Amino acid sequence: MKTTSLLIASLLSFSPFLFGMGDEPHDAHTDAPSAEVSSQMYKGTGKIKSIAEDHGSLRIFHDPIPELKWPAMNMRFEVADHDLTYPLEVGDTVRFEFIRKEGKDIITKISK
Ligand SMILES: [Cu+2]
């Protein structure tokens, strides 16, 4: 008993990332409360599928993101700053960084 809880406690303290990953369904991209403990940055690569007219979001076909157990897929990302989208064009291959906040996936950095 005691050993088990010690083990769990040390796992939790050494693996905040693992703890935040959970097994949330990828399509839903819903944030379990535990996924919001940090503003951890995730990195991805992919291809721009579309850019919102208001420049507030992008659709990217991203490559798998093992940290989040995401397979390759087409999905929408918001951008932290609309200016990030101006140099981009549909079809561009990009690398980007994003955070997950309040159920949104928000790109903070993106480059061709
Ligand atoms: Cu995705």
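Predicted model: local features only at pLDDT ≥ 70, side-chain atom pairs only at ≥ 80, totals over all residues.
The protein chain contains 2 helices and 5 strands. Of the 112 residues in the chain, 13% are classed as buried. Among contacts with a separation of 6 or more, 42% are between residues 24 or more positions apart.

Strand 1, spanning residues 42-51, pairs with two other strands, strand 4 and strand 2. The pairing with strand 4 is antiparallel and comprises 6 bridges; within it, Lys 47 has Thr 93 of strand 4 as its bridge partner. Strand 1 is also antiparallel to strand 2, through 5 bridges, and here Ile 51 lies opposite Leu 58 of strand 2. The hairpin formed by strand 1 and strand 2 has 5 residues between the strands. In this hairpin, His 55 adopts a positive phi near 60°.

The largest nonpolar core consists of 8 residues: Ile 48, Leu 58, Ile 60, Val 79, Phe 96, Phe 98, Ile 107 and Ile 110. At least two residues of this core come from each of strand 2 (57-62), strand 4 (93-101) and strand 5 (104-111). Such grouping follows a general pattern, in that nonpolar side chains in soluble globular proteins tend to be buried together. Leu 58, which stands opposite Ile 51 in the strand pairing, is one of the core members.

Ile 107, also a core member, has contacts beyond its neighbours within four places in sequence. These contacts are with Leu 58, Phe 77, Glu 78, Val 79, Ala 80, Leu 84, Phe 96 and Phe 98.

Conventions. Residues numbered from 1 in each chain as written. Helix = DSSP H or I, 4+ residues; strand = E, 2+ residues; numbered from the N terminus. Buried ≥ 20, exposed ≤ 12 C-beta atoms within 10 Å, placed from the backbone. Contact = placed C-beta atoms within 7 Å. Core = buried A, V, L, I, M, F, W, Y, C linked by C-beta atoms within 7 Å. Pairing = 2+ DSSP bridges.
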